[in-house]
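Colleague: Please show me how to read the features of a protein model, one at a time. I would like the general idea and then the case here.

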Amino acid sequence: MNIKELAEKYELRKDDFWELRKNSGKWIITHDACEKIAVTEGIMFEPMEVISYIPTIITENGEKVQKVTKWGTQTWKPAWAGTCQKKTGDVALLITGYKADNSDYKVQTTGEANALNCTAEYYFAMAEKRGKDRVILKLINAYEYGIYSDVEADNFVKHDKPPTEKQLETLDNLADELGVELLGVDKLNRDDVSAKINELKERKANAELDAKTEEINRIAKEKLKNLI
């Protein structure tokens, strides 16, 4: 089942799925689309099991950040001033699912969320979403065709904003000034192009600074030569 067949079978809309990268062969579908598939297929879930849970802890320079109650709310207060803040925490759930018309065939998989693979704050909810979506996709053999859920990884997020003409013009001008060859620009989204522009601007500024420094040194050498 390819993405077109899957979309037709489960009546998915255009905004329910997208290609991870152009010509990558990997397709991403939304969590809502996975739930729609689960309803259509009559997929059921057994109570999930917690197989790992490490509470979220924030530290600065190795010191635990203190939790402070203020006016009935909870806030975070650094134990002491520092420059290196680190967040830890981990949730792993075991999810079991099956189709109602074939309850003997069950699929088990895990859903994980932690400080390294999830930018959202709600680890339990994300771990549950990831685990259930994986079960759904496994039950319909979607992974065989390179189809994944958007909640399985933060980098699966949809980039649907193409770069503006002004961005592309700015990028081309900077590349020409620096003598840089641009490759794969057609695969970049608006944020990617913006980051590339900033990178080239920084390179240009550094090149101008180097040229200016070189000129100052040249003039200084000339003056010193004349004095001698």
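Colleague: With which residue does Glu41 form a salt bridge?

Modeller: Side chains of opposite charge can pair when their charged atoms come close. A salt bridge is counted when a side-chain nitrogen of Lys or Arg lies within 4 Å of a carboxyl oxygen of Asp or Glu. Here Glu41 pairs with Lys9, and their closest N and O atoms are 3.6 Å apart. Glu41 belongs to helix H2 and Lys9 to helix H1, so the pair ties together parts that are 32 residues apart in sequence. The model is predicted: local features need pLDDT of at least 70, side-chain atom pairs count only at pLDDT 80 or more, and totals for chains, interfaces and linings use all residues. Residues are numbered from 1 along each chain as its sequence is written, and side-chain values use heavy atoms, with hydrogens and water left out.

Colleague: Is Glu41 buried or exposed?

Modeller: Buried means under 20% relative accessible area, exposed means over 50%, and partly exposed is in between (1.4 Å probe, protein chains only). Glu41 has 17% relative accessibility, so Glu41 counts as buried. Of the 228 residues in the protein, 30% are buried.

Colleague: How many salt bridges does the structure hold?

Modeller: There are 12 salt bridges. One of them joins the side chains of Lys106 and Glu46, at 2.5 Å from N to O. This pair also links distant parts of the chain: Lys106 is in strand E9, while Glu46 is in the loop between strand E3 (43-45) and strand E4 (49-60), 60 residues apart. Lys106 is partly exposed at 42%, and Glu46 is partly exposed at 29%.

Colleague: Where do Lys196 and Glu199 lie?

Modeller: An α-helix has 3.6 residues a turn, so residues three or four places apart point the same way. Lys196 and Glu199 are both in helix H5 (residues 190-227), three residues apart, about one turn of the helix. Their side chains meet in a salt bridge of 3.7 Å, N to O. Lys196 is partly exposed at 27% relative accessibility, and Glu199 is partly exposed at 36%. Elsewhere, salt bridges that share partners join Arg13, Asp15, Asp16 and Lys36 into one network.

Colleague: Which residues have the most contacts inside the largest nonpolar core?

Modeller: A nonpolar core is a set of buried Ala, Val, Leu, Ile, Met, Phe, Trp, Tyr and Cys residues joined through side-chain atoms within 4.5 Å. The largest one has 30 residues, and Leu6, Leu12, Ile29, Ile37 and Ile140 have the most contacts inside it. Helix H1 (3-9), helix H2 (31-41), strand E8 (85-99), strand E9 (102-114) and helix H3 (123-139) each supply at least two residues of this core. H3 gives the largest share, seven residues.

Colleague: What is Ile140 in contact with?

Modeller: Contact means heavy atoms within 4.5 Å. Leaving aside neighbours within four places in sequence, Ile140 is in contact with Leu6, Tyr10, Ile37 and Glu41. A second, separate core of five residues includes Leu174, Val193, Ile197 and Leu200.

Colleague: Against which helix do the buried residues of H5 pack?

Modeller: They pack against helix H4 (165-178). The buried residues in H5 are Val193, Ile197 and Leu200. Leu200 has 0% relative accessibility and touches Leu171, Leu174, Ala175 and Leu178, not counting residues up to four places away in sequence. Leu200 and Leu174 are 26 residues apart in sequence and 6.4 Å apart in space, C-alpha to C-alpha.

Colleague: How many Å should the residues of H5 span?

Modeller: The expected span of a helix is 1.5 Å times one less than its number of residues. For the 38 residues of H5 that gives 56 Å, and the end C-alpha atoms are 56 Å apart, which agrees.

Colleague: Is Arg130 buried or exposed?

Modeller: Arg130, in helix H3, counts as buried at 1% relative accessibility. Apart from neighbours within four places in sequence, the contacts of Arg130 include Gly111, Glu112, Asn117, Val151 and Asp154.

Conventions: Helices (H or I, at least four residues) and strands (E, at least two) are DSSP runs, numbered from the N terminus.
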